[in-house]
Amino acid sequence: MKLSLTVTALFVCLCCFISSHSLAADTAKSESTKKVTKVADKKSTNMQKVNINKASAQELQTLKGIGQAKAKAIVDYRTKNGKFTDLQQLTMVTGIGEKLVNQNSKNMSF
């Protein structure tokens with residue numbers, strides 16, 4: 001009986017240790033995620049302007065709301081029609097509206 005209680009006590013202690021260790025690891029991961037998010041937020045506010053006449057599709061995707069398809073459409077339009085002379089010309093690209101242009105205007109140049 002005494003051996004059974006000792007084994008049970010050890011099991012309970014082990015479970016508590018594992019549980020507290022797991023909680024500490026989750027807390028550390030959470031803190032790490034917060035730091036990465038803060039760095040990402042700072043990068044977005046200090047972002048260099050994307051030149052819409054020179055940027056690759058990948059570079060264009062750094063802008064808000066521009067994914068692969070829209071970035072490719074911008075590059076294709078630029079190739080077919082020549083350089084953009086102002087930002088509002090982007091609205092001529094399929095899938096690009098004024099809201100998207102206005103949202104990114106501070107981060108774009110031509």
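**Salt bridge, core and strand contacts in a predicted model**

The side chains of D76 and K72 form a salt bridge, with 2.8 Å between N and O; the term denotes a side-chain nitrogen of Lys or Arg within 4 Å of a carboxyl oxygen of Asp or Glu. The structure holds one salt bridge. Both D76 and K72 belong to helix α3, residues 68-81, and are four residues apart, about one turn of the helix. D76 is partly exposed, at a relative accessible area of 38%. Here buried stands for under 20% relative accessible area, exposed for over 50%, and partly exposed for values in between (1.4 Å probe, protein chains only).

The model is predicted: local features need pLDDT of at least 70, side-chain atom pairs count only at pLDDT 80 or more, and totals for chains, interfaces and linings use all residues. Residues are numbered from 1 along each chain as its sequence is written, and side-chain values use heavy atoms, with hydrogens and water left out.

The chain has four helices and two strands, arranged along the sequence as α-β-α-α-α-β. These elements are DSSP runs numbered from the N terminus (helices H or I, at least four residues; strands E, at least two). Of the 110 residues of the chain, 20% count as buried. Among contacts with a separation of 6 or more, 44% are between residues 24 or more positions apart, a contact being heavy atoms within 4.5 Å.

R78 is also found in helix α3. R78 is buried yet has no salt bridge, and E59, the nearest side chain of opposite charge, is 7.2 Å away. For this assignment Lys and Arg count as positive and Asp and Glu as negative, while His and the chain ends are not counted. The side chain of R78 instead reaches the backbone oxygen of A55 at 2.9 Å. This is a polar contact, defined as a pair of N or O atoms within 3.5 Å; within protein, one atom must be able to donate a hydrogen and the other to accept it, and residues adjacent in sequence count only if both atoms are side-chain atoms. With neighbours within four places in sequence left aside, R78 is in contact with I52, N53, K54, A55 and F84.

The largest nonpolar core has 18 residues, and L60, I66, I74, L90 and I96 have the most contacts inside it. Helices α3 and α4 (98-104) each supply at least two residues of this core, and α3 gives the most, with four residues. A nonpolar core is a set of buried Ala, Val, Leu, Ile, Met, Phe, Trp, Tyr and Cys residues joined through side-chain atoms within 4.5 Å. In soluble globular proteins, nonpolar side chains tend to be buried together. Beyond residues up to four places away in sequence, I66 touches L60, Q61, A71, I74, I96 and L100.

V101 is located in helix α4 and is buried, with a relative accessible area of 2%. Apart from residues up to four places away in sequence, V101 touches L87, Q88, L90, T91, I96 and M108. The C-alpha atoms of V101 and Q89, 12 residues apart in sequence, are 9.3 Å apart in space.

L87 lies in the loop between α3 and α4 and is buried, at a relative accessible area of 14%. Its contacts, leaving aside neighbours within four places in sequence, are I52, V101, S105, M108, S109 and F110. L87 and M108 are 21 residues apart along the chain, and their C-alpha atoms are separated by 7.8 Å.

The two strands are represented by N51, in strand β1 (residues 50-51), and S109, in strand β2 (residues 108-109). N51 and S109 are 58 residues apart in sequence, with a C-alpha to C-alpha distance of 4.6 Å. S109 is partly exposed, with a relative accessible area of 24%. Residues up to four places away in sequence not being counted, S109 touches K49, V50, N51, I52 and L87.
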